[in-house]
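I opened this notebook page to record what I looked up in the structure. The entries follow in the order in which I made them.

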Amino acid sequence: MSYLKFERAQMINLQESLQKELLRTNRSGAYSCSTIVDCNTRKYHGLLVVPVPELDDDNHVLLSSFDCTVIQHGAAFNLGLHKYHDAFSPNGHKYIFDFDCDKIPTTVYRVGGVVLKKEVVFQHYEDRVLIRYTLMDAHSPTTLQFQPFLAFRSVRQFTHENARASRDYEEVENGIRTRMYDGYPFLYMQFSKKPTFNFDPDWYRGLEYPKEQERGYSSTEDLYVPGYFSIPIKKGESIVFAASTSESKPRGLKTLFEKEADERTPRDNFLHCLINAAHQFHVHDKNGKRYVLAGYPWFKCRARDTFVSLPGLTLSIDEVDYFEDAMETATKQLYQFMEGKEQTGLISEIEQPDVPLWAIRAVQQYANKLGLKLCAQKYGKLVKDIISFIRSNKHPHLVLDINGLLKTDGKEKAMTWMNSTANGKPVVPRTGYIVEFNALWYNALVFAEDIAKELGDNDSAAKLHSLAERCKVSFVETFVNKYGYLYDYVDGDTPDWSVRPNMIFAVALDNSPLTPQQQKSVFDYCTRELLTPKGLRSLSPKSPGYNPMYVGPQTQRDYAYHQGTAWPWLEGFYLSACLKLFKRSRLSFIRRQMIGYEDEMFNHCIGTLPELFDGNPPFRGRGAISFAANVAGILRTTELLEKFNENK
């Protein structure tokens, strides 16, 4: 029985099906994304969305959608679906019989006696989407017509009817190529079987994107249709369509489709869905360098997200090679930053103060997986250089105080992962001693000491041990309060009493500055006030400013972003802490928590996890449709559970 399968009743109910999105990527930065009924509801949606570095660093929607019409006995049945201001038109969803996404997205349409199957893949490492149409049943001659809806615009903008858009096209083998504006690549639209192209240019006006409307943005655009393709098709016959930024070889399209389909990871259970999602964050640039994308559809490669996510996305699923390759790419940029050189890679925000600390934590996970000896040989110098860089107070946003703790100035500019801003100021102005910075710092010092001992550098090990002990004492004196939880930050003599999830790192990391009793107290606070079925809340409901619903226009959402919303990646650390403290006695509890994430495989963007959730019931998924840190955190938890099962 299929895992990601949706019946006809679910598909034709637009109130339900339009909330379910589907993402396909090519691991080179391009993607294809829409709802499971192929009705675009975001400006980021499109059948072929690609980076155009000659223009900017954004992705661009070239082919927005591709409508198929079944023609029999002169009657036309359009299988497309678009939202306009006051109606959906056409209503192709009513012909959907079922939808299956275990291996590749497969939609079966039934129109009278016609049964048509549509399957979609995105070619790995090429900007080419492939669609295979198979006529499974028909009792009379059948023709398929196809209308391409073109946008040629950034994912952050809209296109509207204009005289500047080019209507020119050129015939290529079994299709055409066209582009609406200079500077863009040509869009090649070709078939495995020769079609007839009918040039009939027109603009479809007033298409509406409800998700943009919900988020308080402009929500309508016009799309250009250059004409339509016609192809007769026989019962049992398959036709493959390719949309690409380079010319395809029509004779090889059927073979190419089969090859790409065979390479897909089956999404036939929860774990395989997460593995498939993990692979979608892999990005290779034109020089072969490997990166981790922070999320889809609008995030890029960010330094903090890279180091937070990389171990879970790779080591937890035994993909050590990709960890090493992506770590090599990130390390080069990290050294460029530490040496004051110009950044030459795709990773942004490398200057954030906790980035080098998360880098050491990623290396530590490598040591846990492959052994300290190999890790010391491969990454020992990196760890030593990061510690030296921080100890020398060379980081522009970090200061090592005499008490052994790190501090930063976050009053005017957000310096932590809680980075939402409003009116140019941080919504959560975390400044001074930051709890997770110093938990990471203590963890890094102890790990660096282990590395130094492994390399035989006993003098460095002794110095690191002394600094770690000083940090440990100061951490407890600074952050532990009389109620048993940790201050979120301490600015001078002024602590922040808000109950936030950042204290969980002081429990979950391999090396904790807290006593076992203090760790359990912190864990209990997180359980009582922050835990939800979809992650840890970013703020306790009992704390002032609690705002758990991530809805409304941008400013409203900015004020809610870290004021009560729930984040799965934080629960990944929470569940790690749970196993660390309670071992096997809490396995059933952890498995129950994981059920909430398996439910998400069928909601929001199917087969993956969104950026965040509302902090109050019904805990709706919000933000980016697929988020690397969340997938990584839950994959890490599944790995830990498996280890406990193996050690019965």
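Predicted model: local features only at pLDDT ≥ 70, side-chain atom pairs only at ≥ 80, totals over all residues.

I then looked up its partner. The side chain of aspartate 614 forms a salt bridge with that of arginine 622, at 2.9 Å from N to O. Arginine 622 is also buried, at 19% relative accessible area, where the cut-off for buried is under 20%. I noted as well that Asp318, Lys369, Arg636 and Glu639 are joined into one network by salt bridges with shared partners.

Next I checked arginine 430 and glutamate 436. Their side chains meet in a salt bridge of 2.7 Å, N to O, and both residues are buried.

I recorded aspartate 457 as partly exposed at 25% and lysine 384 as exposed at 52%.

Last, I turned to the whole chain. I found 38 salt bridges, with 78 positive and 79 negative side chains whose centres lie 3 Å apart. The chain holds 17 helices and 35 strands. Its radius of gyration is 26 Å, close to the 26 Å from the globule rule for 648 residues, so the chain is as compact as a globular protein of that length. Of the 648 residues, 63% count as buried.

How values were computed
Residues numbered from 1 in each chain as written. Heavy atoms only, no water. Helix = DSSP H or I, 4+ residues; strand = E, 2+ residues; numbered from the N terminus. Rg over C-alpha atoms; globule rule 2.2 N^0.38 Å. Buried < 20%, exposed > 50% of the residue type's maximum accessible area, 1.4 Å probe, protein only. Lys, Arg positive; Asp, Glu negative; His and termini not counted. Charge placed at Lys NZ, Arg CZ, Asp CG, Glu CD. Salt bridge = Lys/Arg side-chain N within 4 Å of Asp/Glu carboxyl O.
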